[in-house]
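Here's a quick tour for anyone meeting this structure for the first time. Have a look at the picture, then read on.

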Amino acid sequence: MVNLYREKAQSCLIDADAAIASQRWNMAANRIYYALLNAVRALLICDQHPSHSHDGAKVLFGQHYVLTGEVSTEQGRLFSQLETLRERSDYNCMFEATEELINEKYEPSKALIERIFEIIESRYSATN
């Protein structure tokens, strides 16, 4: 399951790249958020903290990784910000994500996903 969620996260990043290239900012917001959510789910499963909801994943990520210092408070905040951005982009017809907003969130999101993958790799290498 961990690898399946990691693959799904990477696929969502590819989708985000395509959305950015075609200037579909709301779609980019959606795909960036889901890339991060799937990476977080992979990590939670890796560490035996599975979650079946967005809010559960956010809470468990905060408890087990932000509060412990494995990821920064800023990165934990980014996860929450992306969730809000995705919800506004998907459900608020008066909201339109902008290129500036997506550019502001995209690289830090990719960095956080890489950090999550590093944590997962460290768990696997520690058990072998």
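## What counts as buried

A residue is called buried when its relative accessible area is under 20%. Keep in mind that this is a predicted model.

Phe-61 has a relative accessible area of 1%, so it's buried. Tyr-65, also at 1%, is buried too. Both sit in helix α3, 4 residues apart, which is about one turn of the helix.

Phe-61 also pairs edge-to-face with Phe-79, at 5.6 Å centre to centre and 80 degrees between the planes. That pair ties together distant parts of the chain: Phe-61 belongs to helix α3 and Phe-79 to helix α4, 18 residues apart. Phe-79 is buried as well, with a relative accessible area of 2%.

## How α3 meets α4

Helix α3 (residues 54-66) packs against helix α4 (residues 73-91) at about 170 degrees, and their axes are 10 Å apart. The two are therefore roughly antiparallel. Residues in contact include Phe-61 and Lys-58 from α3, and Phe-79 and Glu-83 from α4. Sorted by class, this contact has 4 nonpolar, 4 polar and 4 charged residues.

## Helix α2

How many of the 22 residues of α2 are buried? The count is 19, so the helix is largely enclosed by the rest of the structure. Just after α2, Gln-48 has a positive phi of about 65 degrees.

Technical notes:
Residues numbered from 1 in each chain as written. Predicted model: local features only at pLDDT ≥ 70, side-chain atom pairs only at ≥ 80, totals over all residues. Heavy atoms only, no water. Axes fitted to C-alpha atoms, helices over the stretch in contact; angles between N-to-C directions. Parallel < 35°, antiparallel > 145°, perpendicular 65-115°, else oblique. Contact = heavy atoms within 4.5 Å. Nonpolar A, V, L, I, M, F, W, Y, C, P; charged D, E, K, R; others polar. Buried < 20%, exposed > 50% of the residue type's maximum accessible area, 1.4 Å probe, protein only. Phe/Tyr/Trp six-rings, centres within 6.5 Å; stacked < 30°, edge-to-face > 60°.
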